[in-house]
Amino acid sequence: MACLRKQGEVSRSQELVRRARTQQVVEKNVRLLGMEGDADVQFLLQGGDLLKVRSSSWKRSRYFKLQEDCKTMWRESKRTFRKHRTFSLDDIAVVRLGRQTEGLKKYTDQQVEDCCFAIVFKDHRKNLDLIASSQDEAKQWVSSLQKMMASRNNLNQQQKAEHWIFSCMSKADKNKDDKLSKSEVNSFMRLINIDVEDSYADMLFEKCDKSKSGYLAGEEIKDFYELLTYREEIDVIYQAYAKSAGFMSAEDLVEFLLKEQREKATLAEARQIIHKFELDEKAKEKNVLTKDGFLVYLHHPDALIANPDHKVVYQDMSQPLNHYFISSSHNTYLTEDQLKGPSSTEAYVRALLKGCRCVELDCWDGSDDEPVVYHGYTLTSKILFKDAIKAIKDYAFKTSEYPVILSLENHCSVAQQEVMAHHMASILGSALVTSPLGEGMPTNFPSPEDLKGKFLIKAKRLNKLEATFATEALAADDSEVTEEEESDDEEEPEEEQRKQKKKLKLAKVLSDMVIYCKSVHFHGFEDARRNLSFYEMSSFKEKKAIELAEESANAYVIHNVDKLSRIYPAGSRTDSSNYNPVPLWNAGCQIVALNFQTSCSDMDLNQGRFLVNGQSGYILKPAYMRNRVTDFDPITLTRGDWLKHKTLHIMVISAQQLPKVNKKKSSIVDPLVKVEVYGVPADTAAKETSTVENNGFNPEWNENFQFDIYVPELALVRFLVEDHDSTSDNEFVAQYTLPLNSLKMGYRHMPLLNKNGDVIPAAALFVHVMVIDAE
């Protein structure tokens, strides 16, 4: 019995030590976030029971709790503290209070509205629909999670890196004794995505193990961290300009900004930078910048590769609507493929939050006189038209305040078309444009500025808009349009389209809502010029549009000076794959619709194109693409204002904290970087670095590339990081795309995005950029 008591005492003692060490880890992470003593953090660390909702009959109690890394949430079936499922706070897009998701609206009753909330993720995983025990508890969960997310988002790049590395160190410390043995150091190296020779790892360990104890502790771990995170390239740059007793004075900083970054800066501005970013108070008093302060400055958002002036709306938004490229989605309601994938209102929410300004609704007769949205002639699921409109209204202007175009593919009976019109009028209210702006018959499109907060309907119309301003006799019309008067019906198989030679009936009340975007069939550029009004627009199948862009590029550009053009993916893309939008933008096409639910290089380009101008979803076309007598042809490139030959110099220097492609601990990436230029055919090019083996933590390349750019206003630059594979295709690691004219020159870090277009915390690419006028 005495032995058992002694064992119990040892176990209790060990448990107390474990808890104390866990608390130390928590306190350190909380300090890194600047949230010491915060009640919301303590609430999440304590955790609590929530009801998880999957269906009307499936509601289960789950225990949710923030882990000691202050970054990962985990849930379990019972309070056994056995890890069940985890997710990172960095993966959360938004936390919504109330019954604000499709699942909660469908599977819960109105009376639990105040107790409901949902965690919506950035990627395509399902929402977590949850019910708390009370309204106050639901509010507490939502506010606490939002505060933690905001705190993490406010960390600068260096702080994110430190937090990530510290988390990896904690994971590597298996016995939680605040010490790292040699084997734990090797485990830590694998966690941070680096594999080194045993001899090098031993050298690092022995160099830091000053106590010769066989493990690292206290200051030794700090030395190991500093040795590991030392960046020689930053040291070289800093030393070149630190001319004031080994430090960078305000005068030195001005020289660096002028000479390297090509930024005009005064001494007063340099002193402000030192005061803002220097960490050492003594250095700050002397108006000098240490190397640490210099690195913090280089990681600041205003010092990154994207021009900070372009993060807000900086372009003229008073031009006619058709003078802009417009971020556009195809079959917006789908979350997966085009044959049997689910339809969801959440797909509209995700697209709109990404800045999409043209969404599509394929409308069909539903039961109980309620129209539905789905991909006709397939097994895709259905959602109510009115639910889609409600979701669109709620999220249309969260990211951008500029107009949203509702592209309707109308397959409904006249009766259900009238229901559609009723829902749009009642839900969208005065935000729905149902008559021309101003007085009299318009002769041109209003501007995005004129249409702020407004919805436009793109659909078929019974008559010309001019008829509404004519006499009653002239305005009279029947309720039918022939197939030749409408755009190709993209959703129906070709054999079905051939069968439908009969006239299509339209409800007048729905037809009258079509003001600036009337769908018509395309009979050629000359016919469009002679016979179509400015508001009559055509939709082009991908193949036809590319053919026109290649064979009649100048005519297409001129057509798009006066008209709107919408492009959509080929019907054969049943997997929801995409096409390259760049050749269509080069031809002046405004509404180049892509499958937003599919992660691919084409969507990367779309995100890069609309990254700037405040992510408004509208990018002003170059002046030569807004001129009715333009000679611009992206294929032949005859001489004109568009020819501004530039030479782009890129030095790919290094990367930091690249993510693992394979989540296995032993898997280490072999990174290489591709620099790709997209634009007119003469500008399109790609070059790549060599491969750095077994190092995703801090790989270095120091390789130079040069590109000739002839039409810079249309050029996009994409930085792609891949994991080299000698036996198969390289695997995607991360990327970043932005317009050439938004590049900042000099030494620049850039954030890196995952396949879904979301920022990867702590990861970065470091480059040197120079754009000069070519001789």
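## Local packing and strand pairing in the predicted model

Pro308 touches Asp302 and Lys744, with residues up to four places away in sequence left out of the count; contact means heavy atoms within 4.5 Å. Pro308 lies in the loop between α13 (291-298) and β12 (324-329). Helices (H or I, at least four residues) and strands (E, at least two) are DSSP runs, numbered from the N terminus. The C-alpha atoms of Pro308 and Thr399 are 17 Å apart, and 91 residues separate the two along the chain.

The model is predicted: local features need pLDDT of at least 70, side-chain atom pairs count only at pLDDT 80 or more, and totals for chains, interfaces and linings use all residues. Residues are numbered from 1 along each chain as its sequence is written, and side-chain values use heavy atoms, with hydrogens and water left out.

Seven strands form an open sheet. Their order is β4-β3-β2-β1-β7-β6-β5, and the pairing is antiparallel. Two strands pair if DSSP finds at least two bridges between them. The edge strands, β4 (85-88) and β5 (92-97), each pair on one side only. From one strand to the next, the twist averages 30°. Within the sheet, β1 (residues 48-53) pairs with β7 (residues 128-131) in the antiparallel sense over three bridges. Leu51 has Ile131 in β7 as its bridge partner. Helix α4 (residues 135-153) lies across β1, β2 (59-66), β3 (72-76), β5 and β6 (116-121). The helix runs at about 155° to β5. Axes are lines fitted to C-alpha atoms, for helices over the stretch in contact, and angles run from 0 to 180 degrees between N-to-C directions.

Helices α5 (residues 157-172) and α6 (residues 182-191) form a packed pair: their axes come within 9 Å and cross at roughly 140°. The two helices are therefore oblique to each other. By angle, pairs under 35 degrees count as roughly parallel, over 145 as roughly antiparallel, 65 to 115 as roughly perpendicular and the rest as oblique. The crossing of α5 past α6 is right-handed. A crossing is right-handed if the near helix is turned clockwise from the far one by less than a right angle, and left-handed if anticlockwise. On the α5 side, Trp164, Ile165, Cys168, Met169, Lys171 and Ala172 take part. They meet Glu184, Ser187, Phe188 and Leu191 of α6. By class, this contact has seven nonpolar, one polar and two charged residues. Ala, Val, Leu, Ile, Met, Phe, Trp, Tyr, Cys and Pro count as nonpolar, Asp, Glu, Lys and Arg as charged, and the others, Gly among them, as polar.

Parallel pairing occurs around β22 (565-568). Four bridges join β22 to β21 (536-541), and the two run parallel. Ser539 has Arg566 in β22 as its bridge partner. Two further bridges join β22 to β23 (residues 591-594), again in parallel. Here Ile567 stands opposite Val592 of β23. Both faces of β22 are covered. Ser565 and Ile567 on one side are buried, as are Arg566 and Tyr568 on the other. Buried means under 20% relative accessible area, exposed over 50%, and partly exposed in between (1.4 Å probe, protein chains only).

Helix α22 (residues 553-562) has Ala553, Tyr556, Val557, His559, Asn560 and Val561 as its buried residues. Their cover includes α20 (525-531), β21, α21 (542-551), β22 and α23 (582-586).

Strand β30 (residues 731-739) is largely enclosed by the rest of the structure, because seven of its nine residues are buried. Strand β29 (residues 716-723) pairs with β30 in the antiparallel sense over eight bridges. Phe719 has Tyr736 in β30 as its bridge partner.

Two residues other than glycine have positive phi values. Arg262 has phi near 55° and sits in the loop between α10 (250-259) and α11 (267-277). Asp369 has phi of about 60° and belongs to the loop between β13 (358-364) and β14 (372-373). Asp369 counts as exposed, because its relative accessibility is 58%.

Lys390 lies in helix α15 (residues 385-395). With 37% relative accessibility, Lys390 counts as partly exposed. Lys390 and Ser616 are 226 residues apart in sequence, and 21 Å separates them C-alpha to C-alpha.
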